[in-house]
Structures are given as structure tokens and as C-alpha cells.
Amino acid sequence: MARKKPKSRAASKTAASKKSPARKAAAKKTAAKSTARKTIKAKDRKTKARAVPAAKRARLKQRVAVSHHREEDFKADGLRAYAKYRDLGFADATQGLAQAHVIRLIGPCDPDEVSKLHFHDVEFQMVYVLKGWVKTYMEGQGETLMEEGSAWIQPPGIKHLIMDYSDDVELLEVILPAEFETVELTA
Ligand SMILES: [Fe+2]
């Protein structure tokens, strides 16, 4: 048989607050506090909502990849004829998620060959100067001299070119995804 639910404490409080103005004020305060808590919780939810898809994103299995320095690994088989690339083997290890290589630009720089405006259809690209220097141009950024220890990202699709570089320049480049298209804008 169904029993009549006893009045909850909250219900009793509400009933009491109807009688006393002081209790009414206290109840209002509590309500405000509770709203504030709700706001924070809603914010938390928002943060979590943003984080969840990243965590649930289908992640291809990766394996450990280690690459040690070996002079013979620098090969002139990459994107640019004036560069030698030491591939770090991360494209295979990440099933195409990313690639990374050390680039040695062959000096002296010939601007006629090198300084051609282009962009890459990538998700992410960063460069770190390991040795020497390189002068870059990026649309909206202008010319920048990148020296040993300098690092930068080139947002997807940004038009850019290399203006000049030192004969001994070495760069570490990380790109996502491993396979991408380069569009040359000048002949
Ligand atoms: Fe480029």
C-alpha cells in the first residue's frame, strides 16, 4: 500500500520561510548560492564537453619509434631539391598521424630557386632551428630571422617562403598529418 511521503526537510523549510521574513531572506541567499553552484557546474560541463570528443576521437595505434643521429640518414629525397632530410620514422609509427624530420638546407642559398611563395595543406606544422639561421617570410607576419633556438608554427594554409639561410642551417620540422599537399603560388 502506498504511504504518504513525510514532508522533506526542504519542504518544511520552505513552509517556514513563508512565515518569517528573516527566513525568507536566508532562503533567497541559499537560492542565490545554489544558482552560483549550478553556473560553475554548467561551466565544468562545458569544459568537459569540449574535452570529451578529443578523448573519444578514434586513435590509431602508435608504436614506440626511436631515431638516433646517423649521417647516412640525411637524404636528398624530400620535398625540396636544395635540402637533405633525415626522416625520424614517426609517420609509420603513428600510422600517418605525424611526420618529423631534421632538414639541412644546402648552401649557399639561391633565392631564385628557394624563395617561392607556397603553402601546405596541413593540420599543424612547427619548425625549430637546431643550428645556423634562416630568414622566413610569412603572410601577415613579414620577414623574421630565425636563429638557433628559434621555433615557430606555420598555421594551416599560411603563404610563406624562405628568403635566405646560413650554409650550416639545420631545422627540426614536425607536421600533421604525415602526408600533405604543397601548393606553389609562384613559378
Ligand atoms: Fe613551406
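Is Val64 buried or exposed? Select Val64 and look around. Val64 is exposed, because 5 other C-beta atoms lie within 10 Å, and a residue with 12 or fewer counts as exposed. Val64 sits in the loop between helix 2 (21–56) and strand 1. Val64 and Thr94 are 30 residues apart in sequence, and their C-alpha atoms are 8.8 Å apart in space.

**Get your bearings**

Keep in mind that this is a predicted model. Colour the chain by pLDDT. The average is 82, and 70% of the residues score at least 70.

Select residues 1–19. Here pLDDT stays under 50, and the model has five contacts beyond four places in sequence for this stretch. Next, select residues 29–43. Again pLDDT stays under 50, and for this stretch there are zero contacts beyond four places in sequence. Where pLDDT is low, the predicted coordinates should not be read in detail.

Switch to a cartoon view. The protein has four helices and 11 strands. Of its 187 residues, 13% count as buried. Take the contacts with a separation of 6 or more: residues 24 or more positions apart account for 68% of them.

Which order do the strands of the open sheet follow? Six strands line up as 1-2-3-10-5-8, with antiparallel pairing. Select strand 1 (74–75) and strand 8 (151–153). These two stand at the edges. Each has a single partner strand, so one side of each is left without a neighbour in the sheet. Strands of a sheet pair through backbone hydrogen bonds, either parallel or antiparallel.

Move to strand 5 (residues 124–131) and strand 10 (residues 170–176). They pair in the antiparallel sense over seven bridges.

**The nonpolar core**

Show side chains for Ile103, Leu105, Val134, Tyr165, Val169 and Leu171. These touch the most other members of the largest nonpolar core, which has 13 residues. Strand 2 (83–87), strand 3 (99–105) and strand 9 (160–165) each supply at least two residues of this core. Strand 3 gives the most, with three residues. In soluble globular proteins, nonpolar side chains tend to be buried together.

Centre on Ile103. What does Ile103 touch, not counting residues up to four places away in sequence? The list is Ala83, Tyr85, Glu170, Leu171 and Glu173.

**A hairpin and its neighbour**

Select strand 6 (residues 133–138) and strand 7 (residues 142–147). They run antiparallel and share six bridges. Trp133 stands opposite Glu147 in strand 7. The two strands form a hairpin with three residues between them. Click Gly140 in the turn: its phi is positive, about 85 degrees.

Strand 6 and strand 9 are joined by five bridges and run antiparallel. Here Lys135 stands opposite Asp164 in strand 9.

Follow the chain to Glu148, in the loop between strand 7 and strand 8. Glu148 is partly exposed, with 14 other C-beta atoms within 10 Å. Which residues does Glu148 touch, leaving out those up to four places away in sequence? They are Val129, Lys131, Gly132 and Trp133. Draw a distance from Glu148 to Gly132. Their C-alpha atoms are separated by 5.6 Å, although they are 16 residues apart along the chain.

**Backbone details to click**

Go to Gly107 and Pro108. A cis peptide bond joins them, with omega about -5 degrees. Pro108 lies in the loop between strand 3 and helix 4 (111–114).

Now jump to Leu176 and Pro177. The peptide bond from Leu176 to Pro177 is cis, with omega near -10 degrees. Pro177 is in the loop between strand 10 and strand 11 (181–184).

The last stop is Gln95. Gln95 is in the loop between helix 3 (90–93) and strand 3. Gln95 counts as partly exposed, with 14 C-beta neighbours inside 10 Å.

Notes:
Residues are numbered from 1 along each chain as its sequence is written. This is a predicted model: local features need pLDDT of at least 70, side-chain atom pairs count only at pLDDT 80 or more; totals for chains, interfaces and linings use all residues. pLDDT is the predictor's confidence in each residue, from 0 to 100. Two residues are in contact if their C-beta atoms, placed from the backbone, lie within 7 Å. Two strands pair if DSSP finds at least two bridges between them. A nonpolar core is a set of buried Ala, Val, Leu, Ile, Met, Phe, Trp, Tyr and Cys residues joined through C-beta atoms within 7 Å. A residue is buried if 20 or more other C-beta atoms lie within 10 Å of its own, exposed if 12 or fewer, and partly exposed in between; C-beta atoms are placed from the backbone.
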